[in-house]
Amino acid sequence: MNGRYARITARKLGAAIVDGTWARGYVDALEEAEDEAPPPPARARTLSVGWAWQALAFLLARAAFPVDLVHGGKEFGGAEWGYGPPRYLEPDEVALAARAVGETSFAALTDGVAPADLAAADLYPSGKWSSPDALFEVQAFYEPLHLFVRAAAREREAVLLWIELRRGVAEGDGTDTGILLLQGGGNSHR
């Protein structure tokens, strides 16, 4: 499973809420365009946090983040895009999330946390947490998410988010990938 995000204008958000099939096609086109020439996270329209989605959810909840950047927002579309229905964050929620990530370094997010804590919480993918470098790997996904969300907020965009099944295989972990799409944010990080 992979956590996936997509930045979308407020106008396109209205269309996505009305027609989830259109929204999925729109996001697929964004991803395809970025697969050919991946832009940096601050300019991307789609982003993947790969297998690290549940670890990020755990760390952000532990830090009492004001917006749930993994499972939050409102459902839309009427159909699942993978593991559950897609969700969206409105521009004001994206702005709040951007302020929070701007104020929260990864070091602060993980202060007092060890890979063993993630293993004890039974987070996906369970085999990752035996590595002493596991948190460094999660950080490699948090930093692009930080840039993506801040860029979406600057543009007053919404973010779509979802957990996708079988989009591909995340590098090195052998697990199915998932998608998380957030309105307002942008780049694919796969």
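I looked up how α3 and α7 pack: their axes are 10 Å apart, at an angle of about 70°. The axes are lines fitted to C-alpha atoms over the stretch in contact, and angles run from 0 to 180 degrees between N-to-C directions. That makes α3 roughly perpendicular to α7, a label for 65 to 115 degrees.

This is a predicted model, with local features needing pLDDT of at least 70, side-chain atom pairs 80 or more, and totals for chains, interfaces and linings using all residues. Residues are numbered from 1 along each chain, and side-chain values use heavy atoms, without hydrogens and water. Helices (H or I, at least four residues) and strands (E, at least two) are DSSP runs, numbered from the N terminus.

Next I checked who meets whom (contact: heavy atoms within 4.5 Å). Ala55, Leu56, Leu59 and Leu60 of α3 meet Val138, Phe141, Tyr142 and Leu145 of α7. By class, I found eight nonpolar, no polar and no charged residues there.

Then I turned to the largest nonpolar core, which has 42 residues. Such a core joins buried Ala, Val, Leu, Ile, Met, Phe, Trp, Tyr and Cys through side-chain atoms within 4.5 Å; buried means under 20% relative accessible area, with a 1.4 Å probe and protein chains only. Tyr5, Leu56, Leu69 and Val138 touch the most other members. The largest share, 10 residues, comes from α7.

Last, I followed β1, residues 2-8: seven of its seven residues are buried. Seven bridges join β1 to β5, running antiparallel; strands pair at two bridges or more by DSSP. Arg7 stands opposite Val159 in β5. Four bridges join β1 to β2, also antiparallel, and Tyr5 has Leu47 as its bridge partner there.

Definitions and conventions: Buried < 20%, exposed > 50% of the residue type's maximum accessible area, 1.4 Å probe, protein only. Parallel < 35°, antiparallel > 145°, perpendicular 65-115°, else oblique. Nonpolar A, V, L, I, M, F, W, Y, C, P; charged D, E, K, R; others polar.
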